[in-house]
Amino acid sequence: MTSFDRRCAQTMFLVACALFAGTHFARAGSTGQSKSRPELKGTVTYRERMLLPRVADVRITLLDIAGRTEHKVIVEKLIPTDGRQVPIPFDVPLAPGSINPRHNYSVKAEILIDGKVWFITKRAIPVLTQGNPCEVDIVLDRSS
């Protein structure tokens, strides 16, 4: 485990503790609430030698993969590239309490051009819990 992964795990632990404390104080009649919000960060890129058109979008989807048969979408974010080229950074803020430290999560990314998927993730990328990072660099493959 790298020092970055350790810091990410510690941050998620502290966020979970803060959320628990905020819930506890709210039940006791206090107005104490956690101000920190977990987030998923990273970049999206691909290996092909081509430029993205100005109309390309990046779609980031965070999935709760705790269930074996059906994965639950936690959040999905569409990011217009506005002519920017890869690597394209992303930052997905998460609602407090939306991440259960006991569950497993994965992120997938897609690049859409005129609404059609051109590049996709072909494997699960674990994130956020169970010692997995909260910042990832995603390399996409050409869609078939």
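Leaving aside neighbours within four places in sequence, Thr121 is in contact with Lys108, Ala109, Ile138 and Leu140, where contact means heavy atoms within 4.5 Å. The model is predicted, so local features need pLDDT of at least 70 and side-chain atom pairs count only at pLDDT 80 or more, while totals for chains, interfaces and linings use all residues. Residues are numbered from 1 along each chain as its sequence is written, and side-chain values use heavy atoms, with hydrogens and water left out. Thr121 sits in the loop between strand 6 and strand 7 (125–127); strands (E, at least two residues) are DSSP runs numbered from the N terminus. Thr121 is buried, at a relative accessible area of 15%, since buried means under 20% (1.4 Å probe, protein chains only).

Next comes the aromatic search. One aromatic pair turns up in the whole structure: Tyr46 and Phe119, stacked at 4.2 Å centre to centre with 10° between the planes. Rings of Phe, Tyr and Trp (its six-membered ring) pair if their centres lie within 6.5 Å, and planes under 30 degrees apart count as stacked. The pair links distant parts of the chain, with Tyr46 in strand 1 (residues 39–46) and Phe119 in strand 6 (residues 116–120), 73 residues apart. Tyr46 is buried at 6% relative accessible area, and Phe119 is buried at 0%.

How values were computed: Phe/Tyr/Trp six-rings, centres within 6.5 Å; stacked < 30°, edge-to-face > 60°. Helix = DSSP H or I, 4+ residues; strand = E, 2+ residues; numbered from the N terminus. Buried < 20%, exposed > 50% of the residue type's maximum accessible area, 1.4 Å probe, protein only.
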